[in-house]
Amino acid sequence: MLLWPLLMLLVLPPLLLLLLLLLPPPPPSQAARLSWLASLQHRVAWGALGWAAAWQRRRLEQSTRYMGQSQQRALSRCLQSAQWSSCPPRGSTDVSTFRKRFPLTQASWTQEEDRGQLQALTSNQGQGEAFLQATLLGLTALKKAHPEVLAPGSTARVTPTSPWPSPLPWPLRALDQAALPGAKGPGALLLEALRRPGLRALEAGTAVELLDVFVGLEANGEEWAKAVGAGTPEAPLPRRAAELQQALEGGPRGLALRLWPKLQVVVTLDSGGQAEAVAALEALWCQGLTFFSPGYAASGGVVGLNLWPEQPPALYLLPPGGPFTELLPVQEGVRGETDTTVLLAEAQRGSEYELVLTDPTSLTRCCLGDVIQVVGAHNQCPVVRFVYRLGQTLNVRGENMAEAVFSEALRRSVGQWPGAKLLDHVCVESSILDSSQGSAPHYEVFVELRGVRNLSEEHRDKLDHCLQRASPSYKSLRFRGSVGPARVHLVGRGTFRALREALAAAPYSPFPPEMPRVLRHRDLAQVLQRRVVS
């Protein structure tokens, strides 16, 4: 990171001189001169970004060709930055020795000390470099796939959080025009976006946050139209307000393209629990738009780079730089009996692994709970997709139902409910709410739907049937009566937004960017329980 200012000083003057020679002379009027200067600033920034991204890509290519050496260097950096006195660095950089001296720990967001370890992983300097790499390579990948979206004034952010893992350093800040300096709150950001009909890209921190934005916009459309129409005292926007009102009257399906006819892509940061929100947005509000994520944010920070935005579903490269990364084999949603990890180059195609990151401040080897499946390789580096999180497993009688299994069963059952569209869901084990007294333990499922106002026993029976088909162990327990049928509750509009506000305020929560699908805390579950409508 210390090289960045020096490199910019070396490359920027000749780049600026070249652009000055290529550009026409500045126009005479003041307004035109300001526009000319803004265009020059934008071109200089893009030139610097292209150079920096090319440099990062060369480093990435070199490191992925020699994975063993790259991971050894990552471990050495980790040991050098560690503040530990009882374990001298000499002779400790061998991977085998390192594994023996520092056993694995199972990180949990329900434990304060584990949360501190994961926060340290997110904030260390090695991750800072990984964040910058993900941002630079992501921006160039987005520009290559959609050349027009990063032109001045073409992008708007509608959430306070950004999908880009790292802020752009000087002089690239001229490209960060998604959020205006004076517009920090979510209301001000959305209002600014609604006033600009020519947007080509929409940014949000995560898909679930963007879902909340559209649900709130639809629920309070009249107020938003009035705010847009008021504009500023110097420039009222009654015509834009009428366009907004007309777009909202068409319903949720395709709303984004009616609001912004030139919109091409939605940029969000991928993370655990986001797939459901992406599916709802693609089916309704953002129908016809491309979704792009610059990386994957696991519990300890960004660990996957998206170098192939044109390939859905998103595939990510696990780079050898940044924090020291290991893989722990997982079979059928369960950790193996041993704690023997493999390095990135040793990963087998088709196998599933849990991510293990090392905190350089304490040399704690944290099992994050994020499970990946290896689908290919780039040079010697694994290309993966993220499949589920071990911490989101349901287990009321030893059935160990994985997050992905339950979510797929729920989607299948909702697909059999006429007119229903699943927007969001969370599951709670009955022991959390003390709701199994006098009955067998079971799942309490809270859902937000479109197209259904009341749930019947037929709806609930279909979910139970889909769960039994998806999980033989659950089916066996249901047959013996050891587990009761899942109880499904329909919650009112805005319930999950309230839940996410509670999650963001909770000291033990990873939100954002992760969205839990299994709640372990009664106070959070009661947020949903108080808003049940059927």
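## A first look at the fold

In this protein, among contacts between residues at least 6 apart in sequence, 70% join residues at least 24 apart. What you are looking at is a predicted model, and its chain holds 18 helices and 18 strands. Of the 534 residues in the protein, 54% are buried.

## How confident is the model?

The mean pLDDT of the protein is 84, and 82% of the residues reach 70 or more. Where is confidence lowest, and where is it highest? The lowest mean, 48, belongs to helix 5 (residues 112-123), while helix 11 (residues 255-259) has the highest, at 97.

## A parallel sheet

Now let us visit a sheet. Strands of a sheet pair through backbone hydrogen bonds, and they can do so either parallel or antiparallel.

You can follow one pairing in detail. Strand 2 and strand 3 (residues 201-203) run parallel and are joined by three bridges. Here Arg157 stands opposite Glu203 in strand 3.

Another open sheet of four strands has the order 17-16-15-18, and its pairing is mixed. Its edge strands are strand 17 (487-490) and strand 18 (518-519), each of which pairs on one side only.

Look next at strand 15 (residues 421-429) and strand 16 (residues 443-450). How many bridges join them? There are eight, and the two strands run antiparallel. Within this pairing, Leu422 has Leu449 in strand 16 as its bridge partner.

## Aromatic rings that meet

Side chains have stories too. A pair of aromatic rings is described by the distance of the centres and the angle of the planes. A search of the whole structure finds 10 aromatic pairs. One of them is formed by Phe98 and Phe102: it is tilted, with 5.3 Å from centre to centre and 45° between the planes. Both Phe98 and Phe102 are buried, and together with Phe324 they form one aromatic cluster.

Why is the pair of Trp164 and Phe292 called tilted? The ring centres of Trp164 and Phe292 are 6.4 Å apart and their planes stand at 50°, and planes under 30 degrees apart would count as stacked, over 60 as edge-to-face. This pair links distant parts of the chain: Trp164 lies in the loop between strand 2 and helix 7 (186-194), whereas Phe292 lies in strand 6, 128 residues apart. Are these two residues buried or exposed? Trp164 counts as buried because its relative accessibility is 10%, and Phe292 counts as buried because its value is 3%; the cut-off for buried is under 20%.

## A charge over a ring

One last stop is Trp55. The charged end of Arg59 sits over the ring of Trp55, at 5.2 Å from the ring's centre.

Definitions and conventions. Residues are numbered from 1 along each chain as its sequence is written. This is a predicted model: local features need pLDDT of at least 70, side-chain atom pairs count only at pLDDT 80 or more; totals for chains, interfaces and linings use all residues. Side-chain values use heavy atoms; hydrogens and water are left out. Two strands pair if DSSP finds at least two bridges between them. Rings of Phe, Tyr and Trp (its six-membered ring) pair if their centres lie within 6.5 Å; planes under 30 degrees apart count as stacked, over 60 as edge-to-face and the rest as tilted. Buried means under 20% relative accessible area, exposed over 50%, partly exposed in between (1.4 Å probe, protein chains only). A charge sits over a ring if NZ of Lys or CZ of Arg is within 6 Å of the ring centre and within 35 degrees of the ring normal. pLDDT is the predictor's confidence in each residue, from 0 to 100. Contact means heavy atoms within 4.5 Å.
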